[in-house]
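Please keep the view open as you read.

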Amino acid sequence: MKRHLLEAADLDRADATLVLDTAAQIDAALAGREVKKLPTLRGRTVVNLFYEDSTRTRISFELAAKRLSADVINFSAKGSSVSKGESLKDTALTLEAMGSDAIVVRHSASGAPHRLANWVRGSVVNAGDGTHEHPTQALLDAYTIRQRLGRLEGVRVGIVGDVLHSRVARSNVSLLHTLGAEVTVVAPPTLLPVGVGSWPVEVSYDLDAVLPKVDVVMMLRVQAERMNASFFPSAREYSRRYGLDAPRMGTLADGAIVMHPGPMNRGMEIAAEVADSVRSTIVEQVANGVSVRMAVLYLLLGGNEPA
Amino acid sequence: MASSVEPARNAAPVTSAPSSAGTLFTAADVARVIDRMTHQLIERAASADPDSPDGGLSGLVLIGIPTRGAPLARRLAARIEAFSGVPVDVGTVDITLYRDDLRLRGVRALEPTMLPDAGIDGRVVVLVDDVLFSGRSVRAALDALRDLGRPRAVRLAVLVDRGHRELPIRADYVGKNVPTSRAQQVKVHLSEIDGSDAVLVTEDGVRGESQQ
């Protein structure tokens with residue numbers, strides 16, 4: 001494993017499989033236990049450096065670090081010296097001077113974790129940077145697929161929706177390709193990035209044609225906060241053409257699963273009855289996120305000298 | 001080496017006929033030692049709980065420390081059932097996340113942890129490992145057990161005790177005591193993992209502290 005986890009491409013097939021296997025063992029080891037805590041990272045400090053709002057990712061990382069007995073510091077840009085104009089670099093150096101061993105960073109600027117990794121000695125984990133990558137989300141998605149379907153090699157995955165703005169889509173395309181899955185991205189042409197032709201994926205504009213042919217359909221959130229241009233005529237039209245409702249879900253193959261990275265816009269990209277159906281893995285994805293992030297923190301920090 | 005072996009502390013010594021340089025146990029020796037340890041386990045369980053109809057065996061849980069402690073525990077359980085007719089619960093406890101030498105030796109892949117459905121609370125847990133050396137693996141296993149439940153007692157069974165303890169830990173059931181130098185390496189081969197049974201001593205293991 002490399003020292004940092006900045007993008008899904010930092011993991012080759014062996015590393016990615018090691019993370020998933022480690023997460024599975026941690027899951028099994030903690031299942032049904034009274035004390036859901038392991039002493040592995042005792043005395044280490046993990047800083048959650050969040051410049052963007054987040055519920056599940058921040059809590060998931062916090063819980064993962066705490067279950068490994070690390071000390072956790074939660075830093076959010078609001079209410080900190082960032083509002084006095086402190087730069088990312090100075091903030092990071094300050095945190096490191098206080099003895100942080102790992103920095104989990106979320107930032108609205110693509111590439112911020114890469115910059116950070118050059119400034120600090122500890123490990124940096126990307127928890128989502130702009131429209132670039134969100135590698136631990138891809139890992140937990142791969143883990144969930146493997147758990148439900150028993151394999152990743154040859155699994156056909158449809159990633160549907162706002163691919164243009166989605167760091168989840170980028171990380172998933174990269175990781176799922178590494179792990180041998182076949183990915184199709186489905187979106188209106190305005191929501192596909194310019195370079196999508198060079199991605200290791202099939203591209204389709206027609207959701208109804210893709211649904212019967214996939215084992216996994218991954219719905220992406222329509223990111224209203226990044227929609228500063230008109231990418232589709234109206235929310236209703238988007239929902240009608242690219243939303244997953246019950247009749248569409250009925251065209252999926254037996255055993256196919258529906259995923260969503262959250263937070264959901266119920267009734268927009270995914271209908272409530274789909275989100276709550278037995279095919280939906282949305283709640284499992286959240287639970288698996290903790291185990292996968294424990295595996296990542298263990299593999300990145302466990303063997304290092306403390307900072 | 002194999003020729004200068006002391007008798008085991010709490011059992012009759014095993015006569016090993018080295019088939020090649022460095023072979024401490026042949027497959028037949030391994031089977032014989034496991035059978036002797038099985039009888040000791042049965043006797044100790046019966047004397048600890050004389051009123052029990054099944055000789056105290058239902059209160060026994062054999063927990064293997066991966067990698068090679070796991071198949072050893074399963075073999076001991078199978079032999080106990082063969083000799084006494086009573087099935088014994090078996091499990092494994094991975095200790096990787098409890099080790100104190102991760103920083104020295106780096107992270108490694110985890111092994112499964114599987115406990116019997118009845119758990120370990122109030123029962124006698126026998127930890128099973130292949131080689132007892134520094135005692136650090138056993139310490140890690142004790143820490144792991146503490147998080148998994150509260151056994152009535154914890155015992156330790158090892159196939160080979162090679163000395164050089166770094167912690168105040170000793171085994172209750174020993175297949176064989178083997179005086180070694182730190183420069184030597186003791187390797188247990190089991191058919192489940194390595195294809196055949198044997199215990200080998202080699203001279204190349206200059207690792208110093210806390211070998212697995």
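Two strands are said to pair if DSSP finds at least two bridges between them. With that in mind, β4(B) and β5(B) in this predicted model pair in the parallel sense over eight bridges. Within that pairing, Val126(B) stands opposite Arg155(B) of β5(B).

**The chain as a whole**

Chain B has five helices and eight strands. Read from the N terminus, its elements follow the order β-α-β-α-β-α-β-α-β-β-β-α-β. Of the 212 residues in chain B, 42% are buried. Among contacts in chain B with a separation of 6 or more, 64% come from residues 24 or more positions apart.

**The sheet**

Five strands of chain B form an open sheet with parallel pairing, in the order β3-β2-β4-β5-β6. The edges are held by β3 (89-92) and β6 of chain B, each with a single partner strand, so one side of each lacks a neighbour in the sheet. On average, neighbouring strands of this sheet are turned by 25 degrees against each other, direction ignored.

| Strand pair | Bridges | Opposite residues |
|---|---|---|
| β2(B) and β3(B) | four bridges | Ile63(B) and Gly91(B) |
| β4(B) and β5(B) | eight bridges | Val126(B) and Arg155(B) |
| β5(B) and β6(B) | four bridges | Val160(B) and Lys176(B) |

Helix α1 (residues 27-48) of chain B touches β2, β4, β5 and β6 of chain B, and its direction makes about 150 degrees with that of β6(B). Helix α2 (residues 69-84) of chain B touches β2, β3, β4 and β5 of chain B, and its direction makes about 150 degrees with that of β2(B).

One residue of α1 deserves a look: is Glu43(B) buried or exposed? Glu43(B), which has its place in helix α1 of chain B, is exposed, because 12 other C-beta atoms lie within 10 Å and a residue with 12 or fewer counts as exposed. The C-alpha atom of Glu43(B) is separated by 17 Å from that of Asp89(B), 46 residues apart along the chain.

Helix α4 of chain B covers residues 136-148, 13 residues in total, and reaches 19 Å from its first C-alpha to its last, close to the 18 Å expected at 1.5 Å a residue. Which residues of α4(B) are buried? They are Arg136(B), Ser137(B), Val138(B), Ala140(B), Ala141(B), Ala144(B), Leu145(B) and Leu148(B). These buried residues pack against β4 (124-132) and β5 (153-161) of chain B. Together, β4(B), α4(B) and β5(B) make a right-handed β-α-β unit.

**Where chain B meets chain A**

The contact between the chains takes 15 residues from chain B and 18 residues from chain A. On the side of chain B that touches chain A, the elements giving two or more residues are α3 (102-105) and α4 of chain B. The largest share of that side, three residues, comes from α4(B). By type, the residues on this side of chain B divide into eight nonpolar, two polar and five charged.

Key. Residues numbered from 1 in each chain as written. Chains lettered and ligands numbered in written order. Predicted model: local features only at pLDDT ≥ 70, side-chain atom pairs only at ≥ 80, totals over all residues. Expected span 1.5 Å × (residues − 1). Buried ≥ 20, exposed ≤ 12 C-beta atoms within 10 Å, placed from the backbone. Contact = placed C-beta atoms within 7 Å. Right-handed = clockwise from strand over helix to strand, strands pointing away. Nonpolar A, V, L, I, M, F, W, Y, C, P; charged D, E, K, R; others polar. Axes fitted to C-alpha atoms, helices over the stretch in contact; angles between N-to-C directions.
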